[in-house]
Amino acid sequence: MMRVRLKADGRIVEIMPDGSERVLEHKDPASFVREVRARCGLTQAAFADKIEVPIETVRNWEQGKRSPRGPARALLRLINTAPETAFAALGRRR
């Protein structure tokens with residue numbers, strides 16, 4: 001059985017029998033956010049509006065000043081995989 005853990009910095013690591021960790025996924029969070037947004041063809045402002053966060057949040061993620069955590073990271077992964085579905089699920093806010 002493989003034991004994995006999601007680290008606070010966004011890395012996914014496998015916990016080895018001796019307690020050490022082996023990185024399974026090492027993607028820079030800033031470049032991941034930029035790639036997801038660029039793949040959607042949206043400006044930072046439009047992307048922030050779609051996911052209902054302040055534009056400063058998207059800027060900070062893309063500049064590496066902050067990293068998306070928890071639900072935001074899950075949403076970004078969903079958008080990366082199925083953007084139309086993710087944005088349809090978010091719907092339009094009024």
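Predicted model: local features only at pLDDT ≥ 70, side-chain atom pairs only at ≥ 80, totals over all residues.
Me: Fine. Which residues of helix 4 meet helix 5?
Reply: From helix 4, Leu-75, Leu-78, Ile-79, Asn-80 and Thr-81. They meet Pro-83, Ala-86, Phe-87 and Leu-90 in helix 5.

Me: At what angle do helix 4 and helix 5 pack?
Reply: About 130°, with the axes 5 Å apart. Angles over 145 degrees would count as roughly antiparallel, and 65 to 115 as roughly perpendicular. Helix 4 and helix 5 are therefore oblique to each other.

Me: Back up a bit. What's the overall layout of the protein?
Reply: The order from the N terminus is β-β-β-α-α-α-α-α. That comes to 5 helices and 3 strands. The protein has 94 residues, and 24% of them count as buried.

Me: Now helix 4 itself. How many residues, and what reach?
Reply: Helix 4 covers residues 70–81, so to speak 12 residues. From first C-alpha to last, helix 4 reaches 17 Å. That is close to the 16 Å expected at 1.5 Å a residue.

Me: Which residues of helix 4 are buried?
Reply: Arg-73, Leu-76 and Ile-79. They sit on the same side of helix 4, because they cover an arc of only 120° around the axis.

Me: What's on the face turned away from that buried side?
Reply: Exposed residues there are Pro-71 and Thr-81.

Me: What covers the buried residues of helix 4?
Reply: The cover includes strand 1 (3–6), helix 1 (29–40) and helix 2 (44–51). It also includes helix 3 (55–62) and helix 5 (83–90).

Me: Switching to the largest nonpolar core. How many residues?
Reply: 13 residues. Among those with the most contacts inside this core are Leu-76 and Ile-79, along with Val-36, Phe-47 and Trp-61.

Me: Which elements give two or more residues to this core?
Reply: Helix 1, helix 2, helix 3, helix 4 and helix 5.

Me: What does Ile-51 touch?
Reply: Trp-61, Leu-75, Ile-79, Phe-87 and Leu-90, leaving aside residues up to four places away in sequence.

Me: Last one, Arg-5. Where is it found?
Reply: In strand 1. Arg-5 is partly exposed, with a relative accessible area of 44%.

Me: How far apart are Arg-5 and Val-23?
Reply: 18 residues in sequence, and 9.7 Å in space, C-alpha to C-alpha.

Note on methods: Residues numbered from 1 in each chain as written. Heavy atoms only, no water. Helix = DSSP H or I, 4+ residues; strand = E, 2+ residues; numbered from the N terminus. Expected span 1.5 Å × (residues − 1). Buried < 20%, exposed > 50% of the residue type's maximum accessible area, 1.4 Å probe, protein only. Arc of directions from axis to C-beta. Contact = heavy atoms within 4.5 Å. Core = buried A, V, L, I, M, F, W, Y, C linked by side-chain atoms within 4.5 Å. Axes fitted to C-alpha atoms, helices over the stretch in contact; angles between N-to-C directions. Parallel < 35°, antiparallel > 145°, perpendicular 65-115°, else oblique.
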